[in-house]
There are 2 protein chains.
Amino acid sequence: MAAAELFHAKGYNAVGVQEVCRAAGANKGSFYHFFDSKESLMTAVVGEGRRTPLMFDPRVFDETPALDVLLLLYAGLAAEVQAQYARSGHVQGCPIGSLVAEVATQSEPIREAASRALTHMRHMNKELVERAVREGDLDANLDAEAVAARLVAYVQGALLLSKTQNEPGVLESLRSGYLMLLGLDPNDPEAERSA
Amino acid sequence: MAAAELFHAKGYNAVGVQEVCRAAGANKGSFYHFFDSKESLMTAVVGEGRRTPLMFDPRVFDETPALDVLLLLYAGLAAEVQAQYARSGHVQGCPIGSLVAEVATQSEPIREAASRALTHMRHMNKELVERAVREGDLDANLDAEAVAARLVAYVQGALLLSKTQNEPGVLESLRSGYLMLLGLDPNDPEAERSA
DNA sequence: TGACGACTTGACCGATCGGTATAGAAAGGT
DNA sequence: ACCTTTCTATACCGATCGGTCAAGTCGTCA
């Protein structure tokens with residue numbers, strides 16, 4: 001949906017229903033035939049987004065060592081930020097993070113949808129951490145649930161900082177913290193498998 | 001200024017100049033005598049905020065071991081989130097983080113003001129880390145600059161997660177990650193000095 | 001006293017907001 | 001052929017948006 005990009009680029013309140021319709025080549029009347037309100041569109045967009053969080057072929061996802069997947073996910077985000085910046089001149093950050101920061105206190109349905117999306121991310125991270133432990137790449141007495149939550153927080157914060165400074169390189173310079181939260185030594189070659 | 005609380009509670013685009021004026025007991029005409037635009041008000045508010053980031057008496061700030069200050073800062077944020085929630089039923093997150101997520105791509109002046117504020121936080125953290133190293137409480141071969149940046153990112157992320165789930169307890173459950181980024185073992189009694 | 005600048009007031013501007021109403025165009029079933 | 005249902009098109013609603021304006025109040029200094 002074209003709406004997703006608009007909301008991501010400009011924010012929820014800064015984009016009007018009219019503008020969304022024009023971008024989608026439709027009319028306002030049609031829009032309100034399919035959606036109850038602007039809010040329900042936004043909720044749908046946030047829910048839909050769960051399709052594209054993994055930027056990989058699911059097959060390589062399963063065949064690749066879990067620690068590598070975790071590192072690739074971070075690298076993929078860093079690359080995505082670079083792409084945003086190259087395309088628009090602005091680091092736009094995480095679509096979910098940015099939107100929830102804006103509307104969490106304003107719309108419960110949207111907040112809940114965003115919360116579910118981030119919980120989904122946490123679960124995915126948790127499974128990856130557990131698998132990485134099983135594969136012997138991470139310390140065995142890590143609390144996978146806690147690590148996963150820390151990673152999500154850290155990544156969201158890194159994206160927000162990058163957006164704040166409008167400098168796409170921030171994620172690279174914060175990568176070492178991501179490794180620390182995984183219980184790895186940032187100066188250790190073990191972490192260099194996909195730098 | 002009353003405007004700060006309104007913007008923090010509802011966001012930039014969701015609050016009109018009218019509403020700000022009414023809350024401040026003024027008229028719109030008067031407002032535009034003091035500010036060029038809504039944007040310049042917001043920029044001023046963000047700049048002003050630098051006065052209240054340290055929630056302590058500056059004297060105890062200097063007399064307390066730096067590591068304790070770092071831990072107290074985190075605890076203070078956690079308490080602030082609890083207070084927000086108790087007051088309004090919503091976790092509102094960081095005023096700067098929330099606003100910059102909303103308007104970074106929409107207003108350069110506001111984005112720059114927010115960026116300066118977060119840079120200020122980073123500098124403060126850096127000095128605290130350096131002092132804590134000097135006081136022997138942190139590992140001596142930490143890169144203070146890098147640690148400071150990681151802490152800011154992590155804290156912003158933790159605040160955003162708490163806001164997303166609208167659960168004030170999230171900061172407490174993420175405290176261990178803050179310790180890890182300081183190079184401490186979360187299960188070590190050393191960290192319990194101000195738990 | 002009179003004049004001047006600082007500040008307040010409330011009406012007003014065009015534009016846009018989210019949302020609705022209504023009439024008509026396709027599309028499909030029978 | 002006919003009717004119903006789905007979808008489109010556009011004009012329109014009251015409200016509010018950010019911002020302006022002319023008129024007026026007020027304290028200050030000469």
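**How chain A meets chain B**

In this model, 41 residues of chain A are in contact with 41 residues of chain B. Keep in mind that the model is a predicted one.

Which elements of chain A give two or more residues to the side that touches chain B? They are helix H1 (2–10), helix H7 (95–103), helix H8 (108–134), helix H9 (144–165) and helix H11 (175–181). H9(A) supplies the largest share of that side, 15 residues. Sorted by class, the residues on the side of chain A that touches chain B are 19 nonpolar, 17 polar and five charged.

The axes of H9(A) and helix H8 (residues 108–134) of chain B come within 8 Å, and they cross at roughly 125°. H9(A) is therefore oblique to H8(B). Which residues meet there? From H9(A) there are A:Leu161, A:Thr164 and A:Gln165, and from H8(B) there are B:Arg111, B:Ala114, B:Ser115 and B:Leu118. The contact of H9(A) with H8(B) has three nonpolar, three polar and one charged residues.

Next, the symmetry. In general, two copies of a chain are related by a rotation about an axis and a shift along that axis. Here, chain A is superposed on chain B by a rotation of 180° with 0.0 Å of shift along the axis, at an RMSD of 0.0 Å. That is the relation of a two-fold axis. Where does chain A have its C-alpha nearest the axis? At A:Gly157, 1.9 Å from the axis. Both copies use the same surface, and 100% of the contact residues of chain A recur in chain B.

Conventions
Residues numbered from 1 in each chain as written. Chains lettered and ligands numbered in written order. Predicted model: local features only at pLDDT ≥ 70, side-chain atom pairs only at ≥ 80, totals over all residues. Contact = placed C-beta atoms within 7 Å. Helix = DSSP H or I, 4+ residues; strand = E, 2+ residues; numbered from the N terminus. Nonpolar A, V, L, I, M, F, W, Y, C, P; charged D, E, K, R; others polar. Axes fitted to C-alpha atoms, helices over the stretch in contact; angles between N-to-C directions. Parallel < 35°, antiparallel > 145°, perpendicular 65-115°, else oblique. Least-squares fit on C-alpha atoms with pLDDT ≥ 70 in both.
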